[in-house]
Amino acid sequence: KIMEAVRNQTDLLIWAVCGAGKTEMIFAGIEEALFSGKRVCLATPRTDVILELAPRLSDVFPDIPIVALYGDSQEKQLFAPFVLSTTHQLMRYADAFDVMIIDEVDAFPYSLDPHLQYAVQKACKKDAAVIYLTATPSKQWQLEFQQGRRNGILLPARFHRHPIPVPTMKWVGNWQSSIQKNKLPKPLVYWLKAIIGCKKPFLIFFPNIALMEQALPLFQGYASEILSVHAEDSERKDKIMKL
């Protein structure tokens, strides 16, 4: 379906459950476009996704020049047949791409910002193929797809057929008070020891930077390699790549 959309220069919604392999699915379509002399852009609302995708796609297309554009990118003056870009960076383009692939089309800020949506439209050539990737399309898009008014395909399961893990809620008491007393709540400590023992990567989110920085030494007492990161962190890119 993706290759068909590229050839016929039509729009396509890929509505696929998390972990279905949406990134791998677009490889053949990208190849189809590049070897037809078309210019391709893969756009996403988040810088972190660009940083993660750039080395993967360079490995898949080693002979194709690829430019990665995001806030701190050093490649903003470059252009290539294949461009990875945050949706914000697309404001610098007009009528540039034959194929536009938008990852996480449902994600903030793209989904709520008409200026970013306009930037994507402006960056596309008039007859460009636009491919939308999402696990959670809006209710309007779901209805249009179900009524046959939006061209798309639904992938309701991951390729290995194992079910998606369901999050569970665990109450840990007044965790902010514990951290201010330089302690981690016991339920969190049990979980932390278990996941460190399994050697699995993990993320812990905090509601603000100050609390996170106060808690960091407490976490490092269990594993010194644990790091903290936030949007204004000058080492953000390196820390995310380490993870």
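Over which ring does the charged end of R150 sit? It sits over the ring of W141, 3.8 Å from the centre of that ring. The rule asks for NZ of Lys or CZ of Arg within 6 Å of the ring centre and within 35 degrees of the ring normal.

This is a predicted model: local features need pLDDT of at least 70, side-chain atom pairs count only at pLDDT 80 or more, and totals for chains, interfaces and linings use all residues. Residues are numbered from 1 along each chain as its sequence is written, and side-chain values use heavy atoms, with hydrogens and water left out.

**Aromatic pairs**

A pair of aromatic rings is described by the distance of the centres and the angle of the planes. Rings of Phe, Tyr and Trp (its six-membered ring) pair if their centres lie within 6.5 Å; planes under 30 degrees apart are stacked, over 60 edge-to-face, and the rest tilted. By this rule the count comes to eight aromatic pairs. Two of them are tabulated here.

| Pair | Centre to centre | Angle between planes | Class |
|---|---|---|---|
| Y132 and W141 | 4.9 Å | 80° | edge-to-face |
| W175 and F206 | 6.0 Å | 70° | edge-to-face |

W175 lies in helix α7 (residues 175–180), while F206 is in the loop between α8 (186–197) and α9 (209–220), so their pair ties together parts that are 31 residues apart in sequence. Helices (H or I, at least four residues) and strands (E, at least two) are DSSP runs, numbered from the N terminus.

Burial uses relative accessible area: buried is under 20%, exposed over 50%, partly exposed in between (1.4 Å probe, protein chains only). Y132 and W141 are both buried. W175 is partly exposed, because its relative accessibility is 27%. F206 has 21%, so F206 is partly exposed as well.

Elsewhere, F27, F61 and F82 form one aromatic cluster.

**Around V172**

V172 sits in the loop between β7 (152–155) and α7. Its relative accessibility is 26%, so V172 counts as partly exposed. Beyond its neighbours within four places in sequence, V172 is in contact (heavy atoms within 4.5 Å) with P185, P187 and L188. G152 is 20 residues from V172 in sequence; C-alpha to C-alpha, the two are 43 Å apart in space.

**A surface patch**

Which residues form a nonpolar patch on the surface? They are L203, F205 and L243, with about 410 Å² of accessible area together. L243 is found in the segment after α10 (236–242). L243 counts as exposed because its relative accessibility is 60%.

Terms used:
Patches are made of residues with over 30% relative accessible area and no salt bridge: like charges are joined within 9 Å, nonpolar side chains (Val, Leu, Ile, Met, Phe, Trp, Tyr) within 5 Å. Accessible areas come from the Shrake-Rupley method with a 1.4 Å probe; for residues, only the protein chains shown count as cover. A salt bridge is a side-chain nitrogen of Lys or Arg within 4 Å of a carboxyl oxygen of Asp or Glu.
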